[in-house]
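I opened the model today and went through its backbone and its ligand site. My notes follow.

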Amino acid sequence: MDLQFFNTLSHRIETFKTSDPLGKKVGLYCCGPTVYDFAHIGNFRTFIFVDMVRRFLEFKGFQVKHVMNITDVDDKIIQRLNASPEKITLRDYTSIYEKAFFEDFDQLNCLRPSIIPRATDYIPQMLELIGKLMENGIAYQTPDGSIFFSIQRYMALGGKYGQLVKINFDEVRVGERIKNDEYEKENAADFALWKARVPGDGEVFWPSPWGEGRPGWHIECSAMSRKLLGETFDLHLGGEDLAFPHHEDEIAQSEGSTLCKEGGCKPTPFVRYWLHFSHLLVEGKKMSKSLGNFYTLRDLFAKGYTGREIRYLLLSAHYRESLNFTLEGLNGARSALSRLDECLAKLKELAGAAEASGAPSDLVQNFDDALSNDFNLSAGWAAVFDWVRQTNKLIAEEKLSASEAARLLADWARVDAVLAVSPQKKEEEIPAEILALLEERQAARKAKNFARSDAIRDELKSKGWVIEDTPKGPRLKRI
Ligand code: AMP
Ligand code: ZN
């Protein structure tokens, strides 16, 4: 089945076809983190979805060039930098949060993108793009030296503003300007491409043909994606809040730069498919520090949850539905994963070193069909847990040979290449303290000291581990 999903550009479900003549290569861009603080679990819902989309494209046989930028200069970063008590450079400040971001990213088993450009390394490309917009009269300079994008002029030359979201043009204030990077649809107005240096910017500025200043947020992504993926590319992803104004402005800048001054040229399309992910709510509300429902990944690690449990929960609902995050939900994720782990452990034991043989189970096909249908993750998980149920039954009835068990494990590996919820090496390791207790219990049993061996069993339980006695010896399992 071909992959289909909801393209925000056409406002309907479409079959995905890459622009590559051989049908293999896909150019994918996602707006990356703004590095001024630790990312929260809502941000990571978006990045995990991006990872799932990339992995599923690879599962379908595409070769993905995945670009995720780092926004390392914008209004919020400059505010925080200037409020920081120590004197520190922009790069030193943002690299603290960039490093933290990737530590969390790895814990969630997200694949590193193919290219991770930092905005501040692409200032020349931004100036070139602004230059093109100036040349064809779509951008103009204000008396303070800033450069703005003229929506009216863009539309007069044949550009389309409002491709992703409907804009009420009666409310677009012609010639009015907005300098903030973030604003509401009702406030649509000419937006800043280049912000002239002001004292509040401190040392954050670059020279330009129009005077010292810094880029607006939107031009950053237009310039980086063009440089790394070309004038037109296949797929652009981001959280739903970015559709307006950020993505709408990215389209206007990129397509506007391909128009001609005299009018009459057709814009070169910027992106062929757009995917937007719904937001994460926490306990039914928008996450905010004042509501006390604001979680970073680190907060959840401190409570004893693991990256794979968080990943599982964040991947449990459809990308076009908001997900309500609760700690009970996370506990549910833990028990669902332990059901899966248990089945896989039994399969591994049965398979030993055997080679896989026999026809693939339905798992891979059912999972493929589910995700090809607008990334229907609920149906994907249903396919996984149906397979777990059937596999457990076959094991209980002793109907699986070693090579059949190996076959089932190979099927799971294909699916897990997309879901990526198997334990990472670090998590698989059993802490030394727990192993020492297990050894002591074995010794106590040998010495027929059952009171002691039961006491150890209880102690292990209180630490979150149970012992299962199997014909091959005891096995430790997470509760
Ligand atoms: P930022 O670092 O603020 O630029 O955001 C990074 C990504 O996280 C963007 O794609 C946002 O759309 C996304 N995002 C922000 N808040 C949430 C949320 N509550 N749920 C899901 N995604 C979010
Ligand atoms: Zn962007």
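I began with a strand pair: Asn7 stands opposite Arg12 in E2. This is a predicted model, in which local features need pLDDT of at least 70, side-chain atom pairs count only at pLDDT 80 or more, and totals for chains, interfaces and linings use all residues. Residues are numbered from 1 along each chain as its sequence is written, chains are lettered from A and ligands numbered from 1 in written order, and side-chain values use heavy atoms, without hydrogens and water.

I traced E1 (residues 4–7) and E2 (residues 12–15) as antiparallel strands joined by four bridges. Pairing requires at least two DSSP bridges between two strands. Helices (H or I, at least four residues) and strands (E, at least two) are DSSP runs, numbered from the N terminus. Four residues separate E1 and E2 in this hairpin. In its turn, I noted a positive phi of about 60° at His11.

**Ligand 1.** Which residues are closest to ligand 1? I found Thr34, Gly42, Thr46, Asp241 and Leu280, in a shell of 13 residues; a residue is near if one of its heavy atoms lies within 4 Å. Helix H1 (residues 41–59) gives the largest share of that shell, four residues.

I then listed polar contacts, here pairs of N or O atoms within 3.5 Å. A polar side-chain atom of Asp241 lies 2.3 Å from a ligand 1 oxygen. A polar backbone atom of Gly239 is 3.1 Å from an oxygen of ligand 1. At Gly42, a backbone N or O atom lies 3.0 Å from a ligand nitrogen. The protein covers 89% of the 500 Å² of accessible area that ligand 1 has on its own, by the Shrake-Rupley method with a 1.4 Å probe.

I looked up the peptide bond between Phe244 and Pro245: it is cis, with omega about 0°. Pro245 lies in helix H7 (residues 243–256). Asp374 is not a glycine, yet I read a positive phi of about 55° there. Asp374 sits in the loop between helix H11 (363–372) and helix H12 (377–396).

How values were computed: Polar contact = N/O pair within 3.5 Å; in protein donor to acceptor, adjacent residues only side chain to side chain.
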